Amino acid sequence: MMAATLRGSLVTLAKGLSGARLQPLCTRSLSVTSSQNVSESPPARADSTFKVTMVPGDGVGPELMTAVKEVFKAADVPVEFEEFHLSEVQNMASEEKLEEVLSSMKNNRVAIKGKIHTPMEYKGELASYEMRLRRKLDLFANVVHVNSLPGYSTRHNNLDLVIIREQTEGEYSSLEHESVSGVVECLKIITREKSRRIAKFAFDYATKKGRSKVTAVHKANIMKLGDGLFLQSCAELAELYPKIKYENIIIDNCCMQLVQNPYQFDVLVMPNLYGNIIDNLAAGLVGGAGVVPGESYSAEYAVFETGARHPFAQAVGRNIANPTAMLLSASNMLRHLNLEYHSNMVSEAVKKVIKQGKVRTRDLGGYSTTGDFVRAVVDNLRHRTV
Amino acid sequence: FGGKTWYIKVSFTCLKGKYLEELNIQTVTLIPGDGIGPEISTAVMKIFEAAKAPIQWEERNVTAIKGPGGRWMIPPEAKESMNKNKIGLKGPLKTPIAAGHPSMNLLLRKTFDLYANVRPCVSIEGYKTPYTDVDLVTIRENTEGEYSGIEHLIVDGVVQSIKLITEEASRRIAKYAFEYARNNQRTSVTAVHKANIMRMSDGLFLRKCREVAENYKDVKFTEMYLDTVCLNMVQDPSHFDILVMPNLYGDILSDLCAGLIGGLGVTPSGNIGANGVAIFESVHGTAPDIAGKDLANPTALLLSAVMMLRHMGLHGHAKKIETACFDTIRDEKVLTKDLGGNAKCSEFTADICRRVQDMD
C-alpha cells in the first residue's frame, strides 16, 4: 500500500518537475523510508542523480558551497553539481559565462548560489550581473523564511515569518540618467502585471503553507501612483482568497513594529527595495545573515540561496562564516526536488548542532570555525555511508 | 498728537526689546497643533517656566489658507513670526483627508526649505525595551530623493516614480551632518546608501559625502549599505553614531531607531532649514481619541524642546530639564498610560516641574 501511494506521489512529482531526470525512478518500486517511520536501512540508491547548477559567487560563497558539498557527500545525497564561477569583482564575468549559466539552468531548472557582488563603479551597463541573471530567468519572487532557531535565543524568540519580495522591477530598474550636470534621476517602475503576479504568488504560498494572514508593505501615502498601484493589485487579489486575512502597513511603521512586536506579522509581501530592507531587518531579529535561508522562484526555475544576501568579504579565507543559512537552504532545495528523506536529515542535523550549543560560529557568539561546524553537522547526520 | 502717541508706542517697544535683550530672552514661535497638541504644549511651557529658561513663546496657528493665485500657503503671521524668531516648536498637526490642500508638514517644509531632519535616539532608562544601549542620531535629507512627488502613468498599468538626487542637496546635508558631529562631540558619521544598486544616484550622494568628509578630518567617516545597517542595527545598535542618508532610507531608518527606544511617543525630532530657521517637533500623531482628557504624554515634545535649547546654546537649562524628565520616568511612580502607568498629563508635568525646581 505504501508503494502505491509513493508511486502516486512520484507521478505527480514527475508532472511537476518536467524536464528533471526523473523518468527512470518512476518505473522502480522503491521502498523509500518516509520521515514517519524511521528505520535504520538507507534508501535504495537511485540510479540517476539530480543535476543542480551551482554558482558559488563572491566573498564567502565558495566556502559555503564547500560546506554544502561536504555535507551532501557524507549524507550520500543523489545530487550532482555543475559549477560556474561567475563574478563581477574578480573579472570572471562576461556575456559568454552568463549564457553558459543560463543554458545550464534551462536543463537543470534548480540552482544553488551565493551572492554575486556588485561593485559600486560601473562600466557602461548599470545593471549588475546578479540583476541580469534574475531578469533573464525571470525570478520574480524571493521568499525568505525567518524562523527562530531552537537553542539560540535573541531578543525576540519563536518568530515565524515569511517575507515575499518582488524581485524584478521597482527601484532596481537600473534606469538612471544625469539630465543636467549635478542632477541625477533614478526611475522606479511599478507595473500592474508584476504586482498582480507577486500578490498572487503570496496568496498562493500562504494558502499552500496554511498561513492565515498576508500583509502588504508600501509607501502609498507618498508615492501615490507607484505604490498605490501595487496596493491596489494586492487588494484585488485578496478578494479571490477569502480565507486569508489581508492587511496593509506603511514601510516605516512596519519597521518600527518589527522591532517592537514582530509577532503580529505572518506573511509579508512587498516591492523590491522594501523587501531588501525587511529581509535584512528580519534576519537580524533571529540571529543575522548566517542563519536565514531564502529562495527565488520563477514560473520554471528555482534558485536557492541565503535570505540576507551579503558577500561578507571580510571573512574570506578566515574560515569563520556560518554555513547554517546555506545548509538550511540546501535542505529546502532537496525538499523541492522531493528528496524528503535527505532534506530532513540535513536540516535536523543542522538544528541539532545549534540546539546543543557546543559548536557555534562567531556570529552566534562562539569560537568555532566553519570547518568545525560542518564536521559537527556531518557527525550528527542520521544516516552515514561508510 | 498722533505723533506723540506714536513716539511713546515705538519707544516702549524699543525699551521692551532692549529689556528682553538684556535678559537674553529669546522669542520662540510655538505651534501647538491639533488633538493633544495644545495640552502637551502647555505642559512644556509650564516646565520651561519652572526651569526659568530664558524663552518667550509666541503662539501661532498654521492652518493652511488659500493665498493669492489659488496656491495653498501657511498664514502670513505664522511665516513672519518664524522668519523673525528663526526657532520654532511644533506639536502634531493633522492632515485632513478631503480638505484639498497638501499635508501641513510638506507645506512647512517647502516654505522654510527645511532640508535636514535630525532625530537623536537615546535609550531611556526607565522605559524598558529589548534594546538598551542605543545612542545614535539619524540625519535625513528632507527635500528630494524618492519623495520628489514626480510620478507618471506611462501606459495603463505601468507607473514610473522619479527619485531625484542633486549635488547641491547632498553636499548641504553632508556638511550639516559633519557640523553637527563637531558641535555635539560625536565621533563618527556613517553615510547610508545603496550605491551598488542605484549606482548613479546614490553614487553621487556618496561622492559628495566623501568630498565633504575631506574637510572634517577630526570626524571619522564610514559608508555602509542600507541592508547591512538594518541587519546590524537590530543585532547591536551600539555600533552606530551619526547616520546621514537620502530621504527614503532616512524615513525608514529614523522610524526603525524610534522603535528601538520605545516608539514615537518618546522620540524628539528637529528640522533644520536654510537661513538659520529650525523647527523642532514631536513626530507622533494627534491622538484624537485622548485629546482634551489630560492623558497625553508630553515626553516627545519636551525632548524636542530640549533639543531646541541645545541648538540655541542653552546647554545648562537643556541638561536640567532633560535630567528631570529622565528621572521622573526612571522613578516609575508618576507615568502616563503609554509609558505603563496611570497618571494624568498634569501630574507627570507637575512632577518634572518639582524636580527642576529642586535642582536649583
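1. Starting with the big picture in chain B: ten strands make an open sheet in the order β2-β1-β5-β14-β13-β6-β7-β12-β10-β11, with mixed pairing. Strands here are DSSP runs of E with at least two residues, helices are runs of H or I with at least four, and both are numbered from the N terminus. Two strands count as paired if DSSP finds at least two bridges between them. The edges of this sheet are β2 (55-59) and β11 (220-225) of chain B; each has a single partner strand, so one side of each is left without a neighbour in the sheet. On average, neighbouring strands are turned by 25° against each other, direction ignored. Axes are lines fitted to C-alpha atoms, for helices over the stretch in contact, and angles run from 0 to 180 degrees between N-to-C directions.

2. Before going on, a word on what we're looking at. This is a predicted model, where local features need pLDDT of at least 70 and side-chain atom pairs count only at pLDDT 80 or more, while totals for chains, interfaces and linings use all residues. Residues are numbered from 1 along each chain as its sequence is written, chains are lettered from A and ligands numbered from 1 in the order in which they are written, and side-chain values use heavy atoms, with hydrogens and water left out.

3. Back to the chain B sheet. Strand β10 (residues 188-193) of chain B runs parallel to strand β12 (residues 242-245) of chain B, with three bridges between them; B:V189 has B:I242 as its bridge partner in β12(B). Helix α4 (residues 104-112) of chain B packs on this sheet and touches β5 (87-90), β6 (114-122), β13 (268-273) and β14 (278-282) of chain B. Contact means heavy atoms within 4.5 Å. The direction of α4 makes about 120° with that of β6(B).

4. Have a look at the sheet that takes strands from both chains. Its order is β6(A)-β7(A)-β9(B)-β8(B), an open, four-stranded arrangement with antiparallel pairing. At the edges stand β6 (176-180) of chain A and β8 (151-155) of chain B, each with a single partner strand, so one side of each is left without a neighbour in the sheet. Neighbouring strands are turned by 35° against each other on average, direction ignored.

5. Where do the chains meet in that sheet? Strand β7 (residues 183-191) of chain A pairs with strand β9 (residues 158-166) of chain B, antiparallel, over nine bridges. A:V184 has B:I165 as its bridge partner in β9(B). Helix α6 (residues 201-214) of chain B packs on the sheet, touching β6 and β7 of chain A together with β9 of chain B, and its direction makes about 15° with that of β9(B).

6. Chain A has twelve helices and twelve strands. Among contacts in chain A with a separation of 6 or more, 74% are between residues 24 or more positions apart.

7. Strand β10 (residues 267-270) of chain A deserves a look: A:V267 and A:V269 point one way, A:L268 and A:M270 the other, and all are buried. Strand β5 (residues 160-166) of chain A runs parallel to β10(A), joined by four bridges, and A:R165 stands opposite A:M270. Strand β8 (residues 213-218) of chain A also pairs with β10(A) in the parallel sense, over three bridges, with A:V214 opposite A:V267.

8. Strand β12 (residues 302-306) of chain A is mostly covered, with five of its five residues buried. Strand β3 (residues 110-113) of chain A pairs with β12(A) in the parallel sense over three bridges, and A:V110 stands opposite A:A302. Strand β11 (residues 293-297) of chain A is joined to β12(A) by five bridges and runs antiparallel; a hairpin connects the two through four residues.

9. On to the rings: there are twelve aromatic pairs over all chains. Rings of Phe, Tyr and Trp (its six-membered ring) pair if their centres lie within 6.5 Å; planes under 30 degrees apart count as stacked, over 60 as edge-to-face and the rest as tilted. A:F72 and A:F81 have ring centres 5.7 Å apart and planes at 25°, so the pair is stacked. B:F178 and B:Y216 are stacked too, 5.3 Å centre to centre with 20° between the planes.

Terms used
Buried < 20%, exposed > 50% of the residue type's maximum accessible area, 1.4 Å probe, protein only.
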